[in-house]
Every structure is written in structure tokens, then in C-alpha cells.
Amino acid sequence: MHFTGLKKPIIWGLSILTICTMAGCQTQTGKNENQAAAQVPLVQQKQTKNLVKIVQAEYQAKRQQVVIHTAPVGGGQTGEDILDASSVDGVVNFATTMYPDAHIKRVLLINDKTHQSHTFDVPSELIAPKDSQSALSQKPAEEDAVAVMAGIQLPPRGVHIDPQIQPRAGVGASHQAKVDAVLGVARSKIGTPYIWGHNEDRGQYGFDCSNFTEYVYHHALGYRFTTASRGQNLNVGYPVPSSARSAGDLIIFENGAHVGIYVGNNRFINCGGGLGKVGYLGLGPGSYWGAHITSFRRMF
């Protein structure tokens with residue numbers, strides 16, 4: 001994700017990247033590292049046929065649905081307003097992160113040029129509960145604070161271990177080895193473009209924010225969990241106080257409107273956040289993202 005967390009209008013017509021720029025979320029922290037990434041080749045032509053540009057989105061509360069209007073894009077185009085229309089994950093992820101607190105049961109995707117439309121059902125586990133107290137606590141519970149001190153149970157909440165992958169650091173690896181593994185995998189993807197619904201584990205080129213975080217923990221630690229931002233907010237990891245944050249923690253912004261990975265020194269790595277690609281952003285005093293943290297989640 002993506003969206004900067006400005007008050008979301010009923011009708012959304014600006015590109016997310018434009019809004020991010022207006023909000024100042026493209027912090028200069030990590031600028032050199034982000035720019036130092038190798039030039040990223042355009043998306044292969046065979047992967048562009050289903051890409052569309054998001055023109056406008058509307059949440060219809062009575063129908064409990066989000067309507068997304070789209071337009072064709074040029075070959076190889078990427079960005080925070082580019083969606084793979086063939087990906088139910090991407091379509092649902094956009095809708096539920098655009099309106100993170102809304103009760104959404106379906107998403108209607110409309111191509112404004114062809115007037116073709118398609119309806120996607122939102123999986124039950126991603127339908128935000130009307131009672132916010134039933135979501136994973138945004139503030140660390142007492143037992144979580146104890147778990148942080150004593151070492152959390154592995155795998156953490158909402159996670160299972162993938163036996164089909166050889167991660168950089170297994171369950172029995174040292175804490176530092178796991179930190180190195182997570183940050184190493186994340187860093188290796190700097191410059192990879194943002195495309196809603198894409199995930200390299202599915203043979204696609206690019207990520208959205210929550211596909212990126214899941215990909216990193218998958219290859220670093222062997223973790224498998226939901227690739228939806230809302231699902232990561234509702235179900236994944238152990239909330240820890242900001243004062244106890246540690247490199248390798250999952251960061252939730254704006255109740256699941258965006259996610260990233262904390263790297264230390266008031267910085268995080270993410271896909272999107274106004275960059276349009278994988279890169280570093282700051283969390284320091286006065287920073288946009290620093291002011292919009294929902295919680296840090298301990299993952300190991």
C-alpha cells in the first residue's frame with residue numbers, strides 16, 4: 001500500500017503516488033540507498049496484458065462493496081495506482097487497504113473503456129469485524145509484553161512454516177541470524193516496482209506492500225501467512241510497544257492500510273509508501289509514516 005492515510009474521500013480520483021507526494025511521505029531518509037539500486041527492467045510484456053490503471057474508487061456502505069473504475073495502461077507501466085485485474089488478491093487488497101476500517105464483502109471492478117465488469121468476493125477472514133475489539137489488539141496485551149521478554153512462541157500468530165522452502169535462517173537460528181536474514185532478503189529487492197496483486201512467489205514481477213512483507217519473511221524464515229494488508233493487521237504477529245521495537249519487526253500503519261519491516265534507526269523498508277518501488281523510508285520525528293504507525297509486530 002500504498003495510501004498515505006489522508007482522510008479518504010468517498011470518491012477517490014487522484015493517483016496514490018500523487019497523494020503521497022502531496023502528503024510529503026517520500027521522505028529523504030534512505031534516499032541514497034534507494035537511488036543506488038540497479039535500474040529495474042520493465043515488466044515483461046506477457047505480464048502486462050491484465051494491468052490496469054486505477055482511476056477512481058468508491059465505498060458503498062449500504063451494499064458493503066467497493067467499486068473500482070480502471071483504464072488501460074501502457075506496456076511495462078508500474079506504480080501505486082497500477083493493478084493486476086486478473087488477481088483477486090490484488091483487487092481485494094486494494095479495496096480493503098483503501099478503506100481499512102470499512103465492512104466490505106465484495107469488490108466491483110469496472111473497465112471504463114470496455115465497460116466490462118467483474119465482481120470479487122472478499123474472503124471471510126478479511127471482512128473487518130464491526131466490533132474493533134475482536135481484531136488483534138493494536139496495543140500490547142500483558143501476556144504479549146511477557147512474551148517479548150521471555151521470547152515469543154514460534155511460529156508467531158497467523159504464521160505457519162513452509163516445509164517446501166530452505167530459508168536463510170530456520171526456526172532454530174539465532175536472533176541475529178534471523179534479523180540478518182530478514183533484512184538481507186528485503187534489501188535484495190530494492191528497486192522492484194509496485195504492482196497491486198503481484199508476488200514473485202507466483203512467478204510475477206513486482207509486489208504490493210503486503211505481498212512484499214510476506215515474501216521477505218517467507219524466504220528469510222520460511223514463514224507463510226496472509227498476503228493481505230488487512231489480514232496482517234488482524235491476525236499476524238505479536239504487538240509490542242514502540243519502545244521495544246526491534247529490527248525485523250513487521251510494522252502496521254493505519255489499521256492495515258500499509259505495512260513494512262522495521263530495519264532500525266527509525267527507518268523501515270517497504271514496497272510503496274510513495275516510492276512506487278521497494279525502498280527505505282523514515283519514521284523519525286516529523287515524518288509522515290512515523291505519525292501513522294498502528295503497531296509493531298514481533299515475528300521471531
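## Pro155 and the cis bond

Pro155 is placed in the loop between α4 (142–150) and β7 (160–161). In this predicted model, the peptide bond that joins Leu154 to Pro155 is cis, with omega at about -5°. Most residues other than glycine have a negative phi, and most peptide bonds are trans.

Leu154 belongs to the loop between α4 and β7. Its relative accessible area is 32%, so Leu154 counts as partly exposed. Leaving out residues up to four places away in sequence, Leu154 touches Val171, Lys178, Tyr223, Met299 and Phe300. For one of these, Phe300, the C-alpha atom is separated from that of Leu154 by 6.8 Å, although the two residues are 146 apart along the chain.

## Overall make-up

The protein chain holds seven helices and 14 strands. Of its 300 residues, 54% are buried. When contacts between residues at least 6 apart in sequence are taken, 65% of them join residues at least 24 apart.

Helix α3 (residues 88–98) is mostly covered, with nine of its eleven residues buried. The buried residues in α3 are Gly90, Val91, Val92, Asn93, Phe94, Ala95, Thr96, Thr97 and Met98.

## Nonpolar cores

Which residues have the most contacts inside the largest nonpolar core? They are Val182, Tyr217, Ile269 and Met299, in a core of 55 residues. Helix α6 (residues 209–221) contributes the most to this core, giving seven residues. Another core lies apart from it and has eleven residues, including Ile251, Tyr262, Leu275 and Phe296.

Met299 has contacts with residues from several parts of the sequence. Not counting residues up to four places away, Met299 touches Ile152, Leu154, Pro156 and Val159, among others. The list of its contacts also includes Tyr217, Tyr223, Phe225, Val236 and Gly237, as well as Gly248, Asp249 and Leu250.

Val240 lies in strand β9 (residues 238–240). With a relative accessible area of 3%, Val240 is buried.

## Aromatic pairs

A pair of aromatic rings is described by the distance of the centres and the angle of the planes. How many aromatic pairs does the model contain? The count comes to twelve. One of them is formed by Phe207 and Phe212, which are edge-to-face at 5.7 Å centre to centre, with 70° between the planes. Phe207 and Phe212 are buried.

The ring centres of Phe253 and Trp289 are 5.0 Å apart and the planes stand at 65°, so this pair is edge-to-face. Phe253 lies in strand β10 (residues 250–253) and Trp289 in the loop between β13 (278–282) and β14 (293–298), so the pair ties together parts that are 36 residues apart in sequence. Phe253 and Trp289 are both buried. One aromatic cluster is made up of Phe253, Phe268, Tyr288 and Trp289.

A charged side chain also meets a ring: Arg267 lies over the face of Tyr280, at 4.6 Å from the ring centre.

## Positive phi angles

Asn255 is a residue other than glycine with a positive phi, near 55°. Asn255 lies in the loop between β10 and β11 (258–264).

Asn266 is not a glycine either, and its phi is positive at about 55°. This residue is found in the loop between β11 and β12 (267–271).

Rolling a probe the size of a water molecule over the atoms shows where empty space is left. The second largest pocket holds about 250 Å³ of space. It is lined by 13 residues, and the closest to its centre are Val52, Ala85, Leu109, Asn111 and Gln116.

Two or more lining residues of the second largest pocket come from each of β5 (106–111) and β6 (117–121). Strand β5 gives the most to this lining, with three residues.

Conventions: Residues numbered from 1 in each chain as written. Predicted model: local features only at pLDDT ≥ 70, side-chain atom pairs only at ≥ 80, totals over all residues. Heavy atoms only, no water. Core = buried A, V, L, I, M, F, W, Y, C linked by side-chain atoms within 4.5 Å. Buried < 20%, exposed > 50% of the residue type's maximum accessible area, 1.4 Å probe, protein only. Helix = DSSP H or I, 4+ residues; strand = E, 2+ residues; numbered from the N terminus. Contact = heavy atoms within 4.5 Å. Phe/Tyr/Trp six-rings, centres within 6.5 Å; stacked < 30°, edge-to-face > 60°. Lys NZ or Arg CZ within 6 Å of the ring centre and 35° of its normal. 1 Å grid on protein atoms, 1.4 Å probe; cavity = no way out; pocket = protein on both sides within 12 Å on 5 of 7 lines; lining within 4 Å. Points joined across faces, edges and corners; volume = space filled by probe spheres on them.
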